[in-house]
There are 2 protein chains.
Amino acid sequence: MQGHYTRPIENDFIGMSIHRVASHAGVSPATVSRAFNAPHLVASATLARVLESADALSFVPNASARTLRTQRSRSLGVVLPTLLNPVFAECLEGIAERARAAGHAIVPLVTEYRTALEREAIEHLMARSVDGVILTVASAGRCASLGRLRQGRVPYVLAYNRHRGQPCVSVDGEAACAEIVRWLVGLGHRRIAMVSGTLSASDRARQRHRGFARAMVAAGLAQAELLEVPFMQAATQALTERLRRASRPTALLCSNDLLALRSLRAAALAGLQVPQQLSVVGFDGIALGEELSPQLSTVVQPSREIGERCVDWLLESLAAGTAPGPESSLSLPYRIRAGESCAAPPARSSSTPTRSTA
Amino acid sequence: MQGHYTRPIENDFIGMSIHRVASHAGVSPATVSRAFNAPHLVASATLARVLESADALSFVPNASARTLRTQRSRSLGVVLPTLLNPVFAECLEGIAERARAAGHAIVPLVTEYRTALEREAIEHLMARSVDGVILTVASAGRCASLGRLRQGRVPYVLAYNRHRGQPCVSVDGEAACAEIVRWLVGLGHRRIAMVSGTLSASDRARQRHRGFARAMVAAGLAQAELLEVPFMQAATQALTERLRRASRPTALLCSNDLLALRSLRAAALAGLQVPQQLSVVGFDGIALGEELSPQLSTVVQPSREIGERCVDWLLESLAAGTAPGPESSLSLPYRIRAGESCAAPPARSSSTPTRSTA
DNA sequence: CTGTTAGCGCTTTCAA
DNA sequence: TTGAAAGCGCTAACAG
């Protein structure tokens, strides 16, 4: 236990390495390495001595050296469109928690739905040699980044995206939207419109819309209206204008909760009571929706679990030396939260709509 | 430009290194390294050749090797209480964007306000030898992790926390709350209560409360009520009960927007109109607050900018070879958003409160 | 059970 | 302007 430096312990950090610990404990570097990575291969007396020395020197094994040597970084890349939408923040929490528990770091990158940033993110992650990547892309079908990952032999799992040819952890948005339509129709609604961001920008939006459109047809309601609001910022205004017209829908199925929030706001601005005069249903099930008045009616995705499952799957594959494949894709169950923003349409709605005054 | 392998390019990734590029381009490994790190030291013809080869081989420099050699990981640790509160998600977005622009990775860890996880997070980050850390801790004054970071010579900046002895990027919550109280008093409110999480769990909560308490005294309103709701989940119920009593406050100053949302919900459950019968003010300025009806009145912190500034400061210090010090702490301006959840108290409120029926 | 040895891929003097 | 060589700190054979 001889000290090698006269400087105070606080400065001992510089140049710390397995060798310092080794000489402090009177063993070889290899033994120190084993003490940390395969303690069962070290005599318990030796082990204790090594651990004591390591502790006394505040030794922490150097991750880069270990990564360089083992070719495993114990880190996972995470590529998400944004964190401003709580649905992704919730998912990231699940990822972070699971990764932490497994001793893996996560390296998140945000793409803002821009392909260039998506590409850059993948490049960045490959340069850092992450062991795997979890991502949500605009459209799984036409995503160059996925090819790049495969080319680089980096295992990956898609979160939220749903595509037959890719390893995905998702929810059946098409079925969920169809179910919502049937529910609304059951309540008596006929004029149901879907509110969505740009369809061409998101495969999920397209899938949700498809479920909506099909169920409308199945219900004999051919003129299924789509309110495509390209920019989130302008959504409220566009919706308000639509809701002020006499021909307004009695129910809005929104492609995500953020749009649903704006629909709620638009209803208020248009002077409509929710749910008495207008029903609003969201999609995602962000936690905040439950705190609102009226509580948001919505399709709840298990976002946290989606994140957790992605990590689990990736780590299992890593351990097995395989890469996640499309055949094992996970379709998690969604849940419909009745909430308070949804009710039967106003009695006269199907014949003579009242004109609202804001 | 001779090929070394007959396997398809897609498989060329394995064992890729500076040496492969070097031999492909007919130069030495050192030159390849220079081509990437100091291109001006390489003859432009050589440079072009090297870059071409690198491109042809899809070469990406190995970050671990570089880190091991240079002792700089080009990564920043981020320690936050949670991502479920959008205020931190917004901040993280700022951090992510800035770090990306500077070519740094971020490694976020979530603590859920638990000291044990805080400690563990720091340990983890030091093991990965991040170049710096951005953190939000429960209480900057008594935080062992900060000492640990200094001991390990890891530069750090606190986000949101505010402490004279630490490098912080924050907003003056005390002044902001005092200002809110003066505003409410100006509107005619007398019975103003503060809604907060556990004070002992957060220095920020204490600072905000101090501003509230002082301003109340200054306004001659001695009985400043504090509604401490330890658990977010139970907050709504506790608040609803309080609001049902005749002695209820006419205004609620909430220590954060999530509590304000619950207060809004509690008001609805208690049958109170906001802002006509009850004013509610939040703190944080999460983006969602603007989408609500009524739009949330709140103190807006520049969360994204807080994150950005933390990164900037850290990277500047890194470049200068210094560590951020308390003397350069940043106090960013807050902004009061009037919103729609705040108004003059009901006329009779100061004398005979009406009993509400829910 | 423990030590010796040879690199992982890169940067960086020092020479040429 | 370029090359040769010496490690950064660690792990994994292979010996002992």
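**Figure 1. Domain assignment of chain A in the predicted model.** Chain A is divided into domain 1 (18-58), domain 2 (75-170 + 303-332) and domain 3 (173-301). Taken over C-alpha atoms, the centres of domain 2 of chain A and domain 3 of chain A are separated by 28 Å.

**Figure 2. Contact between domain 2 and domain 3 of chain A.** Here 14 residues of domain 2 of chain A are in contact with eleven residues of domain 3 of chain A. On the side of domain 2 of chain A that touches domain 3 of chain A, α5 (86-101) and α12 (303-320) of chain A each supply at least two residues. The most is given by α5(A), with three residues. By class, this side of domain 2 of chain A has seven nonpolar, five polar and two charged residues.

**Figure 3. Contact between chain B and chain A.** Chain B contributes 44 residues to the contact, and chain A contributes 44 residues. The elements of chain B that each supply at least two residues of the side touching chain A are α4 (63-70), α5 (86-101), β2 (105-110), α6 (115-127) and α11 (257-269). Of these, α5(B) provides the largest share, eight residues. The side of chain B that touches chain A has 26 nonpolar, eight polar and ten charged residues.

**Figure 4. Superposition of chain B on chain A.**

Key
Residues numbered from 1 in each chain as written. Chains lettered and ligands numbered in written order. Predicted model: local features only at pLDDT ≥ 70, side-chain atom pairs only at ≥ 80, totals over all residues. Contact = placed C-beta atoms within 7 Å. Helix = DSSP H or I, 4+ residues; strand = E, 2+ residues; numbered from the N terminus. Nonpolar A, V, L, I, M, F, W, Y, C, P; charged D, E, K, R; others polar. Least-squares fit on C-alpha atoms with pLDDT ≥ 70 in both. Domains from an automatic or database assignment.
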